[in-house]
Amino acid sequence: MFTSKGLFSAIECPHQDTCILPRCIFGHPKGLLFKGESSVRDGVSAPIQGDDDQGDQESRRKRQKLDDRASTIGSGTFISEKASTSGVGQAIRDSSRSANLSQLPGENDRPKPSSLTRAISPPPTRKNPQIGFTTAFKQTPSQSSNVDSRKPSQNLTPIPVKAASETKTPVKAPLKTESLNPRPLKNPAPATHQMRFMLLRALHDQFKRLNSELEKDANDAEEKLVLKEQALISKALDVEEDAASGASSIYSNIVKNKILAYKRMTVGQWKEEREKDITKAKAVKVEALSTTPVSKPNGPPKPLETGLKTEEELALLPRLYTPLTSLSKHGYVTSIPTAEEIELAKKGIEAAKGWEICDRCKSRFQVFPERREEDGALASGGQCTYHFGKPYWPDRSADDPKAKREKRYRCCGQVMGDSAGCTIGDCHVFKISEGKRLAAVFNFEETPENPDNNSSNPVCIDGEMGYTVHGLELIRLTATSWPSGDELFDILVRPIGHILDLNTRYSGVSPKDMAEALPYSPSLKPQKSTKDSTSKQKTTNCHGLENDLNAIRLIHRTIIDTALLFPHKAGLPYRNGLKMLMYTHLNRHIQVVVDGKMEGHDSKEDANAAGMLVRWRIKEEWGRMKRDGWMLEDGMFKPPKGGQGLERVSGVLGEGAGRKRSREEDRGINHG
């Protein structure tokens, strides 16, 4: 209830005879007191009838009219409930009641009212917005001589008392308590509950053994790798549930293989796995922010102006080279596999007898490079059911922010685990990324010197791949000139192996297009077209260039990979997509879905998109250089006083980046 300011106190209350409001905003001709309180006249306090328990409760709801003699103290000031409770009532109870009540006739024989013996309630509290505390107002004896119930006193002394909400400390939400019991599944269980429980318990025992061994010798830095009992149970439940959600026919084998792998695992390997788990958990928190733009672009595409001439942009290009010392960490093949390595890879392929893991549904199947004799099939396992879209966490509901969220697929919006997939392929497919196995099909080559192509302009390349019996093979290759974007070549390539799936959804290549492509021959290898358009010193721009170079079987060292130039916030193995980077930095849309259907990527569009992102990065780099004191005079970049020139700043990119290297240096880098 807000305190009245007395603005209507001069107006007589229209219900003055029946008004029961404790703080009426209108004026009353006579002083009103609660029943059960004391009336005072001439400094003498007199009790009021009706102070039993029932009357005491009634007094809180009704006021009793008193005569004019009991409405004033000394100077005739009106007595309010608040004043009698805090100031006047306290002073009178302390001084007058004990002395003056005994002077009244028959007062000693009358039983004392309960209002004189009950405990005094503390003063009311209110929120003081100026100091941010809950304040209790207290009057001093000197202030109790003149009290106006309609106007709060200006001399009240605030006593700050901390609110209850400020004393509470935030408590971290505990881990969900679960028992060592298999979780319920949306789909039919792949085994009986007893079988699932036995496998789950065996898996948990291995986790517990490895965790206890790690805890014995863990130092301060490794303490975070040690799991508590509930975390061990949750980890075992996650592994078992993941296996149970897959194919029911191989559930038992998957879990048993997991148990055997952890049984053979050493403490050092357990440490590495725990570090990967922690890194993955951190990556999940930023995955949604990193895979989608922070804000949707509005308006036309952003103009791309660096403020530099083409020659000046070329001079800054070496500052963006991908470091040569770390290419192998990003999937690049940096040295030509030897004959011994290729022979070892071929023996491994023969021992595997064509068994691979599907790149889409993760099922095991068998590949027949020369077709199966019984029916001429290229792969076993029948059709492949999968989701082509990646899973994501949907935004929280505005109506119910605390509602449980579930991961969904971008392709169909289904919750993970509801179905095996929304798309059906004719057969299973697989992918190979190991250099030795790739070289077993045909070997790599290094980009040679090309005296016929001495142009300094870099090239942007992009390739499209399809699935064959040899994994992912190149089926289309496009190269454009940088920074103009003019097309150098755009060719269709017929792969070496039999085609399993052209991957038309992403490659854009249809069976009709592939029918017009020239058949494979050593003289028409994609390496030849690429080598004719570039040279060892020429810069090559691309997004995810290792996939294209590995498909071409080409080793090139002067590269700018926009997937590494714009790293993911969560670090490897996560990468930002080309579509998202263009959407965020340049407000441009590529790989657009038309009429609810994507007809595939345009390799020329993707190649030029990578080139535009390189120009955007040059613009940002030149802006940073100017802030550091660099100047551009007569087409030459001059460093700040005491700084290093352009030819000396390439150390951040790897030793020797931006200049020609000899074969001995290249061989030393490869072996290093």
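## Helices, burial and cysteines in a predicted model

Leaving aside residues up to four places away in sequence, Ser603 touches Asp462, Glu464, Arg476, Thr478 and Asp490, where a contact means heavy atoms within 4.5 Å. Ser603 is found in helix H19, and because its relative accessibility is 0%, Ser603 counts as buried. The word buried stands for under 20% relative accessible area, while exposed stands for over 50% and partly exposed for what lies in between, computed with a 1.4 Å probe on protein chains only.

The structure is a predicted model, in which local features need pLDDT of at least 70 and side-chain atom pairs count only at pLDDT 80 or more, whereas totals for chains, interfaces and linings use all residues. Residues are numbered from 1 along each chain as its sequence is written, and side-chain values use heavy atoms, with hydrogens and water left out.

The protein as a whole has 20 helices and 23 strands; these are DSSP runs numbered from the N terminus, with helices being H or I of at least four residues and strands being E of at least two. Of the 672 residues in the protein, 38% are buried. Among contacts between residues at least 6 apart in sequence, 66% join residues at least 24 apart.

Two pairs of helices can be set side by side. Axes here are lines fitted to C-alpha atoms, for helices over the stretch in contact, and angles run from 0 to 180 degrees between N-to-C directions.

| Helix pair | Angle | Axis separation |
|---|---|---|
| H18 (residues 578-585) and H19 (residues 603-627) | about 45 degrees | 10 Å |
| H7 (residues 229-244) and H8 (residues 251-264) | about 150 degrees | 9 Å |

The angle between H7 and H8 makes H7 roughly antiparallel to H8, while H18 and H19 are therefore oblique to each other. For these words, angles under 35 degrees count as roughly parallel, over 145 as roughly antiparallel, 65 to 115 as roughly perpendicular, and the rest as oblique.

H18 and H19 cross in a left-handed way, and their contact is made by Leu578, Leu581, Met582 and His585 of H18 together with Asp606, Ala609, Ala610, Met612, Leu613 and Trp616 of H19. By class, this contact of H18 with H19 has eight nonpolar residues, one polar and one charged. The crossing of H7 and H8 is right-handed, and the residues that make the contact are Val239, Glu240, Ala243 and Ala244 of H7 and Tyr251, Ile254, Val255 and Lys258 of H8. In the contact of H7 with H8, six residues are nonpolar, none is polar and two are charged.

Helix H16 (residues 545-552) is largely enclosed by the rest of the structure, because seven of its eight residues are buried. Those buried residues are Leu545, Glu546, Asp548, Leu549, Asn550, Ala551 and Ile552. Just after H16, Arg553 takes a positive phi of about 65 degrees.

Finally, the cysteines deserve a look. A disulfide is taken to be a pair of cysteine sulfur atoms within 2.5 Å, and by this rule the count comes to zero disulfides. Cys361 is in no disulfide, as the nearest cysteine sulfur, that of Cys358, is 3.6 Å away. For Cys24, the closest cysteine sulfur is in Cys13, at 3.9 Å, which is too far for a bond. With 14% relative accessibility, Cys24 counts as buried, whereas Cys361, with 24% relative accessibility, counts as partly exposed.

Key. Left-handed = near helix turned anticlockwise from the far one by under 90°. Nonpolar A, V, L, I, M, F, W, Y, C, P; charged D, E, K, R; others polar.
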